[in-house]
Structure formats: C-alpha cells, structure tokens
Amino acid sequence: MLKSELAPLAEAVRRQMSERRWKHTLGVVGAARELAERFGGDADKAELAALLHDYAKDWPAERLERILRDQDLAPDLLEYDKELWHAPVGAWAVREELGVADEEVLDAIRWHTSGREGMSLLDKIVCLADYIEPGRNYPGAEDIRELSRLDLDEALAAAFGNTIRFLLERGRLIYPLTVLARNDLLRGAMRRREHS
Ligand code: DGI
Ligand code: FE
Ligand code: FE
C-alpha cells in the first residue's frame with residue numbers, strides 16, 4: 001500500500017498512463033521499498049522515485065521528442081531508441097508539473113532506463129526494481145530476482161546484460177551509456193568478491 005501522503009502524487013501519475021502501466025508502477029514501488037530495506041537505501045525516496053519513474057512513459061513519441069529538443073535535456077538520446085526518451089523527460093516533467101525538487105529522486109528517474117556510470121544507491125534500487133517487479137516475466141527475470149537477493153550490483157549488471165543481449169539479437173542500436181553502466185557495476189561486484 002502507498003503511504004497516504006503520496007495519494008495526490010499517485011493520482012497525478014495515474015492520470016498519465018494506462019491501467020497496465022499503473023499496475024507496473026505499483027509493482028516497482030513495492031520492489032523498490034524491499035530493495036531499499038535490503039541494501040540500506042532510503043525507503044521513502046525509493047518509493048517516491050519508483051512512483052514517478054514512468055511518468056512520461058505513455059506520452060506520444062512526438063511529445064517526448066519536442067520536450068527533449070526544447071529543453072535540451074539529452075540531445076544524444078534522439079539518435080537512439082525512443083524507449084529511452086521517457087526517462088529524462090519524466091524527470092523534467094515531475095519537477096515542472098508536480099514540483100518534485102529532490103535531485104536524488106530526479107536523478108533516479110532520469111537514469112532509470114539507460115543507467116549511467118557511477119550510479120547512486122537510489123538509482124540502482126529504482127532501476128533494478130523496474131526489472132524485478134512481480135509483473136515482469138521476460139526470459140531471465142527469475143535469475144535477476146534471485147541475484148537481487150544477494151548483490152545489487154551483480155543483479156543490475158546482469159539485468160543490463162539481458163537488455164544488451166535483447167537489443168543485439170534484434171539488430172537494434174545500443175545506447176553506449178548502458179554498456180558503461182553494466183561494466184561499472186560488474187567491476188564493483190568483482191572487486192567486492194575479491195575482498196570478501
Ligand atoms: O519503461 P519500462 O518499460 O518500465 O522499462 P525501461 O524504462 O527500463 O525501458 C526499457 C526498454 O528500453 C526496453 O524495452 C529496452 C529499451 N531500450 C532500447 N534501447 C536501450 C534500451 N534500454 C537500455 N537500457 N539501453 C538501451 O540502449
Ligand atoms: Fe521506464
Ligand atoms: Fe518502468
């Protein structure tokens with residue numbers, strides 16, 4: 001259940017999307033809260049970022065493109081898959097339209113699809129929660145859920161690995177930042193394993 005103080009924000013989010021996407025959003029909220037508790041993150045921020053993460057997901061591509069251009073949010077993204085666009089536009093829109101000002105929360109929304117090098121704990125929690133929420137049933141989802149019980153970096157590296165494989169197999173472009181994010185997480189996980 002969502003905290004009652006989130007109810008007005010939740011209504012605003014729900015109005016942006018299909019019923020299916022709203023169900024996914026609630027799944028990500030629950031998964032993000034669990035991950036925050038497991039890995040020592042801020043559960044309230046994780047819930048808030050998860051609630052807002054797909055704010056712009058169901059907006060038409062033309063609207064996303066116009067905002068990316070007009071606000072100069074991430075011009076390089078225009079050369080890559082449209083699926084990546086809702087993340088930076090969502091971060092911009094929840095600040096503009098909902099008055100969300102917490103930079104950590106905005107970053108977690110901004111980077112939830114592509115990932116980035118040097119992801120914060122909150123970035124990782126929201127991004128991984130998006131991959132493991134109960135409604136997800138892509139091939140390999142159960143393996144990622146399993147890993148997510150043990151090691152946040154390893155689980156998210158594997159999740160990005162899955163996405164990269166999916167894109168490769170279909171001959172689609174890969175946004176380089178996703179590869180950099182995956183390598184960065186894998187290095188972190190390997191280093192930790194050496195020291196344990
Ligand atoms: O918005 P969601 O569907 O909940 O999930 P998301 O924000 O992680 O979007 C994932 C989609 O983005 C997935 O279908 C793959 C697609 N995509 C296209 N190019 C890239 C990409 N995802 C990543 N991480 N990197 C890409 O280069
Ligand atoms: Fe998304
Ligand atoms: Fe999502």
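Student: How are the donor residues of the iron ion (ligand 2) spaced in sequence?

Tutor: The model is predicted: local features need pLDDT of at least 70 and side-chain atom pairs 80 or more, while totals for chains, interfaces and linings use all residues. Residues are numbered from 1 along each chain as its sequence is written, chains are lettered from A and ligands numbered from 1 in the order written, and side-chain values use heavy atoms, without hydrogens and water. D54 (OD), H86 (NE2) and H112 (NE2) coordinate the iron ion (ligand 2) at 2.1 to 2.2 Å; donors are N, O and S atoms within 2.8 Å of the metal (3.2 Å for Na, K and Ca), and with water not among the atoms, sites may look incomplete. The spacing is D-x31-H-x25-H.

Student: How many residues apart are D54 and H86, and where does each lie?

Tutor: Helices here are DSSP runs (H or I, at least four residues), numbered from the N terminus. D54 sits in the loop between α3 and α4, and H86 in helix α5 (residues 86-98). The pair links distant parts of the chain, 32 residues apart.

Student: Are D54 and H86 buried or exposed?

Tutor: Relative accessible area decides: buried is under 20%, exposed over 50%, partly exposed in between, with a 1.4 Å probe and protein chains only. By that rule, D54 and H86 are both buried.

Student: Which residue bridges the iron ion (ligand 3) and the iron ion (ligand 2)?

Tutor: The two ions lie 3.6 Å apart. One residue coordinates both: D54.

Student: Which residues come nearest to ligand 1?

Tutor: There are 17 residues around ligand 1, counting those with a heavy atom within 4 Å of it. Helices α2 and α9 (152-169) each supply at least two residues of that shell. The nearest are K57, T113, R136, Y175 and T178.

Student: What share of ligand 1 does the protein bury?

Tutor: Start with the side chains. An oxygen atom of ligand 1 is 2.9 Å from an N or O atom of the K57 side chain, and one is 3.1 Å from such an atom of H86. A polar side-chain atom of H112 lies 3.0 Å from an oxygen atom of ligand 1. Alone, ligand 1 exposes 570 Å² (Shrake-Rupley method, 1.4 Å probe), and the buried share is 89%.

Student: Is K57 buried, exposed or partly exposed?

Tutor: K57 lies in the loop between α3 and α4. Its C-alpha atom is 8.3 Å from that of Q16, 41 residues apart along the chain. The relative accessible area of K57 is 23%, so the residue is partly exposed.

Student: Why does K23 count as exposed?

Tutor: K23 has its place in helix α2. K23 counts as exposed because its relative accessibility is 61%.

Student: What is the phi of D72?

Tutor: Most residues other than glycine have a negative phi. D72 lies in the loop between α4 and α5, and at 57% relative accessibility it counts as exposed. D72 is not a glycine, yet its phi is positive, about 50°.

Student: With which side chain does N162 make a polar contact?

Tutor: N162 is in helix α9. N162 is buried, at 16% relative accessible area. A polar contact is a pair of N or O atoms within 3.5 Å; within protein, one must be able to donate a hydrogen and the other to accept it, and residues adjacent in sequence count only if both atoms are side-chain atoms. At 2.8 Å, the partner is the side chain of R165.

Student: What is the relative accessibility of G115?

Tutor: G115 is in the loop between α6 (103-110) and α7 (121-132). The C-alpha atoms of G115 and D54, 61 residues apart along the chain, are separated by 14 Å. G115 counts as buried, with a relative accessibility of 0%.
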